[in-house]
Amino acid sequence: MDKQLADKSLYVSRYTYLFISSTGKHLVYNSRSNSFMEINKELYHQLQSCQTENTAVENLKEQEKSMLCQRAIIVGPQGDDDFLLEHQYLTDKYSLSKQSLGLTIAPTLGCNFACPYCFEEHKRKINMNEETEDAVIAFIKLHSEAQKLNLTWYGGEPLLCVSIIERLLTKITGQCAIPLHRHMLITNGFLLNEKAIDLFKKFPLTSLQITLDGNRERHDSLRKARQSEPSFDRILNNTDRFIKACPETQIHIRINIEKSNVEDFYQLAPELKKRWPQSNVIVYPGFLRYDNAERTDYDARSFTRSEISQVLFQIQARKLTDVPVYPQTYCEKNCSANRKNSYIIGPTGEIYKCWNDVGDAAKVVGNIHENKITNKSLLYRYLVGSKWYHDPQCRSCFFLPICHGGCAWYALRNRYEGGHYDLCTCLQKSPGLLEKCLEAYYEALTAPDRGTASAAENENMTDKCKRFC
């Protein structure tokens with residue numbers, strides 16, 4: 001136990017949750033340390049009473065006091081407030097770090113599909129030229145303090161520009177001192193042909209994301225190739241070849257769902273898991289979001305945050321995804337939108353901070369050709385204004401330490417554009433799910449064949465959970 005706590009009154013932390021499991025176990029969970037203890041009935045009721053009445057915890061045995069303090073279940077008078085300050089510091093530390101350079105490059109805003117839900121009104125069908133390619137290389141070289149490069153190909157449909165991608169990869173690996181650490185591609189999969197596969201055998205991908213719009217019938221009716229060819233089976237066949245050719249790449253198969261087609265996931269996920277039983281293939285749901293006419297909230301087709309949580313819990317209970325529902329800690333609470341050293345670069349060299357802004361001229365924050373920020377207000381809104389610590393509800397929330405924070409893009413829409421979007425993405429916060437998730441988590445942690453999750457396992461689980469934001 002911390003020596004500084006030895007002489008202080010100790011209180012039950014606001015991040016502590018006490019409950020009795022369905023099997024009668026008296027459990028105490030702390031979201032700050034993301035840890036469990038099974039305690040005896042007497043200690044349980046003592047902690048429960050002190051938490052309810054906000055009184056100091058007294059007459060504890062030294063061993064009990066030490067174990068409870070180590071897990072932050074009980075803290076000093078200012079312990080929780082000091083944690084908030086540390087959490088804010090870590091958030092800003094990661095946000096402003098220069099250790100890694102994150103680049104998402106859209107070599108084109110064009111697409112070979114004409115999906116009805118895609119926002120194409122702002123997107124000019126233009127490809128990156130070699131002058132902009134060279135500007136990308138110069139831009140990377142400016143970030144000499146970075147120790148690693150995380151690179152993502154995005155669009156439009158990036159595989160319309162395989163030659164541009166190949167030239168850029170050749171230049172990046174041949175001319176830039178920053179080593180390529182993570183290499184990702186987001187594609188609709190239709191053009192994942194032999195030429196593209198050969199390219200990524202030469203420049204291996206860390207991960208590949210392919211999206212399906214539900215089952216075969218729904219997908220082919222929505223995701224129409226511009227030449228009217230059905231795309232579902234071609235995408236699956238292309239994925240077959242890629243998995244065989246690039247077995248080290250992690251494959252993320254995202255199945256888009258909304259309220260009208262949630263059964264598509266229950267039908268399709270088992271089929272895909274049977275087709276691709278490899279451990280590097282992960283099938284998961286993507287929840288489509290539709291705005292209302294005023295663009296201030298989701299419309300009736302979209303799942304609410306609570307409904308998303310319920311669906312995720314059911315999917316996990318049916319073992320249709322490898323993504324756990326267990327709580328995980330997120331110290332940084334950042335995405336590319338609010339990380340200083342992360343940029344999205346469009347085909348003319350324009351810079352955005354969020355993927356949702358790509359193609360919208362009003363959301364451009366700068367340009368790599370001039371190496372100049374042209375929209376400081378928007379930049380600082382993303383870097384600072386979207387942070388969780390500006391929201392009083394987040395600051396006082398029990399779930400803060402196990403929540404990866406709300407979407408920065410929606411946070412700005414709420415704060416500056418009259419939006420009323422629900423930003424809470426923590427699955428456990430949904431009504432009726434906290435104890436279900438915690439009990440499942442406790443049973444997993446104490447299973448004889450598992451024990452406590454290792455740091456590596458927890459990091460992997462965290463990466464999977466982030467995909468739902």
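Visitor: Over the ring of which residue does the charged end of Arg318 sit?
Guide: This is a predicted model, in which local features need pLDDT of at least 70, side-chain atom pairs count only at pLDDT 80 or more, and totals for chains, interfaces and linings use all residues. Residues are numbered from 1 along each chain as its sequence is written, and side-chain values use heavy atoms, with hydrogens and water left out. A charge sits over a ring if NZ of Lys or CZ of Arg is within 6 Å of the ring centre and within 35 degrees of the ring normal. For Arg318 the distance to the ring centre is 3.9 Å, and the ring belongs to Tyr266.

Visitor: And which charged end sits over the ring of Phe190?
Guide: Here the distance to the ring's centre is 3.8 Å. The residue that supplies the charge is Arg234.

Visitor: How many aromatic pairs does a search of the whole structure find?
Guide: Rings of Phe, Tyr and Trp (its six-membered ring) pair if their centres lie within 6.5 Å; planes under 30 degrees apart count as stacked, over 60 as edge-to-face and the rest as tilted. Searching the whole structure this way gives 19.

Visitor: What kind of pair do Phe113 and Phe190 form?
Guide: Their ring centres are 5.5 Å apart. The planes meet at 65°, so the pair is edge-to-face.

Visitor: How many residues apart are Phe113 and Phe190?
Guide: Helices (H or I, at least four residues) and strands (E, at least two) are DSSP runs, numbered from the N terminus. Phe113 is in the loop between β6 (100-105) and α5 (130-142), while Phe190 is in the loop between β8 (180-187) and α7 (194-202).

Visitor: Is Phe399 buried or exposed?
Guide: Buried means under 20% relative accessible area, exposed over 50%, partly exposed in between (1.4 Å probe, protein chains only). The relative accessible area of Phe399 is 12%, so this residue is buried.

Visitor: What span should helix α2 have, and what is the distance between its end C-alpha atoms?
Guide: The expected span of a helix is 1.5 Å times one less than its number of residues. Helix α2 has 13 residues (41-53), so it should span 18 Å. The end C-alpha atoms agree with this, being apart by 18 Å.

Visitor: Which residues of α2 are buried, and what arc do they cover?
Guide: The buried ones are Leu43, Tyr44, Leu47 and Cys50. They are on the same side of α2, because the arc, taken from the directions from the helix axis to the C-beta atoms, is only 135°.

Visitor: Which exposed residues does the face of α2 turned away from its buried side carry?
Guide: The buried residues of α2 pack against β1 (11-12), β2 (16-20), β3 (26-30), α3 (62-70) and β5 (74-75). The face turned away from that buried side carries Glu42, Thr52 and Glu53.

Visitor: Which residue caps the N-terminal end of α2?
Guide: A side-chain oxygen of the capping residue lies 3.2 Å from the backbone nitrogen of Glu42. That residue is Asn40.

Visitor: What is the relative accessible area of Ile178?
Guide: Ile178 is found in the loop between α6 (162-175) and β8. Its contacts (heavy atoms within 4.5 Å) include Leu101, Ile140 and His143. Ile178 counts as buried because its relative accessible area is 8%.

How values were computed:
Polar contact = N/O pair within 3.5 Å; in protein donor to acceptor, adjacent residues only side chain to side chain. Lists of a residue's contacts leave out its neighbours within four places in sequence.
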